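Please read these points with the sequence and the structure open.

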Amino acid sequence: MLKYIGLIISICFWWGGASVQAQKRVQKVKAFAVEEKQKLQGEWLYHKGDNLVWAKPGYDDKNWQNIDPRLWLKRIKKGTFEGIGWFRIHLDIDESLRGKTIALLMHQRGASEVYLNGKLVHTYGVVSTNTDTEVKYNPFGEPVKMRLGTQARQVLAVRYSSSNALKLHRNLNRWARTAGFHLYIAPLDQSIKDVIDARVFDALISIGRSGILFALGLLHLFIFIFYPVQRANLYYALATLDFAFTFYISYLHQHTHSVDNVIWLNITSYLLSITIPLFFLKFLYTLFNDKVPRHSLMFLVFALINAGVMFFAWSATVLWVYQLVCGIEALRVTIVAIRRKKKGAKLIFAGVVGLIIFTPLGTLAFLFPAIGQLISSNIIALLVNFGILSVTGTVSIYLARDIAKTSVNLRNQLDVVQELSAKNIAQEREKQEILEQQKEKLEQLVQARTSELEEQATLVKEQNAELTNINEEIAAQRDVLQGRTEELVVAYKHITDSVQYAQRIQNAILGNPAQIISNFEEAFIFLKPKDIVSGDFYWYTTTRKRTAAMINDDQSIVPAAVSLSTIKILIAADCTGHGVPGAFMTVMGSSLLDDIINSSHTTMPDQILKELDRRIIKSLSTKGEAKVAGRAGQVNDGMDMSVIMLDETQNKLYFAGAKNPLYFIRNGVLENIKGSVYPIGSEQYKKEKSFELHTIDTQKGDVFYMFSDGFQDQFGGPEGRKYMRKNFRNFLLSISHLPMTEQQEKVTQEFDQWCNKQSQTDDVLLMGFKV
């Protein structure tokens, strides 16, 4: 008994499931008052192959497979569609529509025969599995009369072929991704009216839009041909013509019934959509920039990528992103132009904003059907057209206004030229009248003057004899002067050769700046003599310093072994005078420093200055020869100097200066470490000279500057004033963050710009180094 009950329950469940399944396979056709246009998107049944029996309403199709008649070739299994097949759908007709004549609206990518209840309703193209005999035809929803039967359940069957669909899909991928159809039903009268309205609206908008853009493009192209100076006209013409062809192709897409030709129209439209932003950006760059920016190459690469991926399914997304990025760049260029107060920038900015605001509405309506239901397609098309024409219109207005202003200016200049020409003609006439009046007077004066000249000719002959004697005397004196001039040229050449040889000697003594710079993390040396040789000089050496370490032994401090650490000594000096006298002082100073530091191993800056001061005074004291300030043998010559010793092992820098300071910059703050008030040499000071020693704990990145007073004392600038110490400090602080090689270039530029046409006042020395 339980087995029978279970069997009965199973049969009931199977019957109920089958009923539900059967119910699912039937599409309800509602009254048109409820829904004016209905898409037949219920459970279509499909069977591949070809058999006219499958059109009969009573045919058993329960074993047919469910399928979307659009035939998305990537979604259906391989072998499902092989060029021809039959589709059937069962309709549940509303009572108000039974026996009525309605409109059948077909969109397809092949050829088809439509049967209602076994009777042929309409044929679209020629159905065949042979590509040569098959005729594909897409009616684009043109209404066809179809009279419904009187029964409640009716069957619509479609015999359908697309013989080369698989081949096109293999070769063109996403451009031939569907091979099927989709059907609508609607009231006949309303459908005819809608088609007529749509065709009229589409023709007016698409053809009108394309015509306007084509006319604008040709206009600006001709303007460029006849006036090629303004290249912006060329790029705008190319972008506008691209727009015109794109819209015309879009129009052809909706009115070309040849299915396969539509594919090539779509590909062409895609490629044109890539080039439009490129031409428009090139137009903006040419209009607002002096030269095309380097990053514009990025958009060309992006465009090539779009063309390269056009056969992939996601290429539409890449194209949308590319156009969005180009739109943002166009917005940026126009905003920058507004900030720079470029003429016409605001007008073109308004057009770009209109393009960015209104054009995406069409894309949003396509991506989000709910928006398309709220706003009619005609309104969306008008908004998109308004966005496109806003940018082309504003640009045309700008270019037209620019041409008009140019014409007005030329007209005004022509009026001025004509006015000046009239004045010149009047003046010429006046001159002719004056000349004619003076002609007679001149003839009389010429006669009188001729008689006077005849009288003077006799006198001139007498004077010529006297002048001949004077000329002979002048020629003799000239020969004497020429001989002396040649002697002076030879003497000047000897002096110049001697000074240039002295320059080579001085350079050899000072050493190669590159070798000195190589001993520092970063450094530069800027030396600019006033004459051929310099009174400013630099001196550098690397030596060793004894350092005593302390060792803790059983909590007692005892001296450890003395170690040697490598130190660097760098000196900047400004000798008394410049030119040859100053150069002799640099030779003496360099020689004495070599003996004091390298031979006597004196390394502390204060001790170096003190010993150098003693030796300079001793060397220059020549009793009985020099008399300065009334005292025989007194020395007033010498030098200002700054000395640093850098101990990188101990991270310490020691400095002492003779009148010259040391500038020290850390974390963007400049500190002026002053030197002693006493120079090296010069015996006019009654007090004993002292040179204070400064110690600095160095940190990585510290920047130091050593210099003479030549830079800050240089006259120049707009008012011919001194550069001054405050400006010199601010300038060094402003460049201290740069690499030393760039700092040297900035120093050279600053000095040359400040001097301008002023002659150099003194020798200039500036050295900088970074720890």
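This is a predicted model: local features need pLDDT of at least 70, side-chain atom pairs count only at pLDDT 80 or more; totals for chains, interfaces and linings use all residues.

1. Strands β2 and β11 (residues 181-186) are paired in the antiparallel sense, and two bridges join them. Strands of a sheet pair through backbone hydrogen bonds, and the pairing can be parallel or antiparallel.

2. The pair belongs to an open sheet of four strands, in the order β2-β11-β6-β9, with antiparallel pairing. The edges are β2 (38-39) and β9 (144-147); each has a single partner strand, so one side of each has no neighbour in the sheet.

3. Helix α13 (residues 579-599) can be checked by its length. Its 21 residues, at 1.5 Å a residue, should span 30 Å, and the end C-alpha atoms lie 29 Å apart, which agrees.

4. Which residues of α13 are buried? They are G579, G582, A583, M585, T586, G589, S590, L592, L593, I596 and I597. Just after α13, H601 has a positive phi of about 60 degrees.

5. Helix α6 (residues 296-308) contains V301. Together with L297, L300, L304 and I305, V301 makes a nonpolar surface patch of about 450 Å².

6. Is V301 buried, partly exposed or exposed? Its relative accessibility is 41%. Buried means under 20% and exposed means over 50%, with partly exposed in between. V301 therefore counts as partly exposed.

Methods: Residues are numbered from 1 along each chain as its sequence is written. Side-chain values use heavy atoms; hydrogens and water are left out. Patches are made of residues with over 30% relative accessible area and no salt bridge: like charges are joined within 9 Å, nonpolar side chains (Val, Leu, Ile, Met, Phe, Trp, Tyr) within 5 Å. Accessible areas come from the Shrake-Rupley method with a 1.4 Å probe; for residues, only the protein chains shown count as cover. A salt bridge is a side-chain nitrogen of Lys or Arg within 4 Å of a carboxyl oxygen of Asp or Glu. Buried means under 20% relative accessible area, exposed over 50%, partly exposed in between (1.4 Å probe, protein chains only). Two strands pair if DSSP finds at least two bridges between them. The expected span of a helix is 1.5 Å times one less than its number of residues.
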